Amino acid sequence: MGVGTSTSSSSGGGSKQAVSNLARCIAVITAATTPSNRDKVVENLISSLQSAIAAGGDGGVGVSAQEVQLALLASGDLGRKVNLAAMAGGVAPNLLHIYLSFFDASSEDAKHAAAYALGRASVGAMDVFLPAILNALEQNSQKKQYLLLSALRELIHCYQTGGGADGGDISSSVPLILPHLVSHCSDKEEGVRTMVAECMGSLTCLEPGVMLPHLQELVATHGGKDVDDNEEGGGRKDALSCWTVATAIKFAIAAHADPSKLAGFMPSFLRLLSERDLSVRNAALLMVYSSVHHTPQLVAGLMQEHILPSLHEVSCCGCVVGILLGNGFPSCSVFL
């Protein structure tokens with residue numbers, strides 16, 4: 001079952017979705033076949049990817065860019081279904097090296113396929129892949145941090161949507177993951193912060209008893225501070241942390257986090273509506289709108305005391321209309 005022959009039907013400009021679907025099919029079949037056949041498929045995938053790396057990371061002689069993406073995606077999807085670390089020949093360490101090597105590829109598609117594969121492969125072999133992701137997260141550039149956080153998000157998302165074949169959960173790994181997310185929640189790059197917020201939001205759905213007190217503590221620690229015009233100043237980092245918390249809660253609400261667990265923490269999060277930094281208010285308004293749209297009962301009893309006074313204050317400086325309309329709000333009337 002060679003990668004080259006597997007992609008022959010889609011190599012003539014097939015869509016990314018077709019490649020992704022084909023990768024899932026390969027993974028399902030490979031997981032269900034005999035161990036000896038599975039070993040042969042994995043060996044073929046690794047060989048194809050190693051050849052691509054030797055050729056520059058984006059495909060080369062005998063390996064097209066589309067085949068590279070297929071091999072990356074198929075290996076990751078397989079790793080969600082089987083424990084790659086249990087396979088002989090150092091399969092998991094080899095794939096870990098391959099995934100991280102593709103972060104240096106010139107093709108953005110190859111980079112993101114590698115991040116996806118790294119996250120999915122981590123589900124079945126958490127002990128190998130997760131420590132490597134977290135260690136690399138503190139040692140790389142912002143671009144690679146974004147890719148590593150993408151992998152972490154994919155890992156968390158897999159558990160959010162059913163986990164791996166062994167039916168395990170991610171609860172024991174949250175204490176390892178959370179400090180790394182917190183350390184990047186004030187990153188100056190919005191893309192990195194957004195990825196952190198997505199991870200935090202998904203973890204809030206999975207482990208609300210752990211995550212919500214931590215997010216509340218972040219608001220207490222970083223909220224209510226003066227904004228420093230200096231981009232590197234402490235006040236600015238406080239504001240960025242608050243922005244990340246508001247965005248994380250927005251994602252958690254949209255992903256249907258347990259309203260009964262969220263309800264007691266919402267007054268703390270709604271204090272972000274009163275922050276001096278406009279970007280934090282913006283994020284807090286989006287958080288409120290997410291609640292109005294998905295779980296209105298979360299904010300129905302908090303309108304008069306917590307939400308409307310803050311909206312009035314913002315509207316007095318002429319900012320609220322721009323915030324609402326600039327972020328897809330249908331009208332201000334949803335709050336009134």
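This is a predicted model: local features need pLDDT of at least 70, side-chain atom pairs count only at pLDDT 80 or more; totals for chains, interfaces and linings use all residues.
Let's begin with the aromatic rings. The structure holds 1 aromatic pair, made by tyrosine 99 and phenylalanine 129. Their ring centres are 6.4 Å apart, and the planes stand at 35 degrees to each other, which makes the pair tilted. A stacked label would need planes under 30 degrees apart, and an edge-to-face label would need over 60. Where do the two partners sit? Tyrosine 99 belongs to helix H5 (residues 91-102) and phenylalanine 129 to helix H7 (residues 126-137), so the pair ties together parts that are 30 residues apart in sequence. Tyrosine 99 is buried, with a relative accessible area of 0%, and phenylalanine 129 is buried with a value of 0% as well.

Arginine 193 lies over the face of tryptophan 243, at 4.5 Å from the ring centre. Lysine 250 is placed over the face of phenylalanine 251, with 4.7 Å to the ring centre.

Now for the helices. Two packed helices are described by the angle between their axes and the distance between the axes. For helix H9 (residues 174-183) and helix H10 (residues 190-206), the axes come within 10 Å and cross at roughly 150 degrees. This crossing of H9 and H10 is left-handed. On the H9 side, Val174, Ile177, Leu181 and Val182 take part in the contact, and they meet Val196, Cys199, Met200 and Leu203 of H10. What kinds of residues make up the contact of H9 with H10? There are 8 nonpolar residues, with no polar and no charged ones.

How values were computed:
Residues are numbered from 1 along each chain as its sequence is written. Side-chain values use heavy atoms; hydrogens and water are left out. Rings of Phe, Tyr and Trp (its six-membered ring) pair if their centres lie within 6.5 Å; planes under 30 degrees apart count as stacked, over 60 as edge-to-face and the rest as tilted. Helices (H or I, at least four residues) and strands (E, at least two) are DSSP runs, numbered from the N terminus. Buried means under 20% relative accessible area, exposed over 50%, partly exposed in between (1.4 Å probe, protein chains only). A charge sits over a ring if NZ of Lys or CZ of Arg is within 6 Å of the ring centre and within 35 degrees of the ring normal. Axes are lines fitted to C-alpha atoms, for helices over the stretch in contact, and angles run from 0 to 180 degrees between N-to-C directions. A crossing is left-handed if the near helix is turned anticlockwise from the far one by less than a right angle, and right-handed if clockwise. Contact means heavy atoms within 4.5 Å. Ala, Val, Leu, Ile, Met, Phe, Trp, Tyr, Cys and Pro count as nonpolar, Asp, Glu, Lys and Arg as charged, and the others, Gly among them, as polar.
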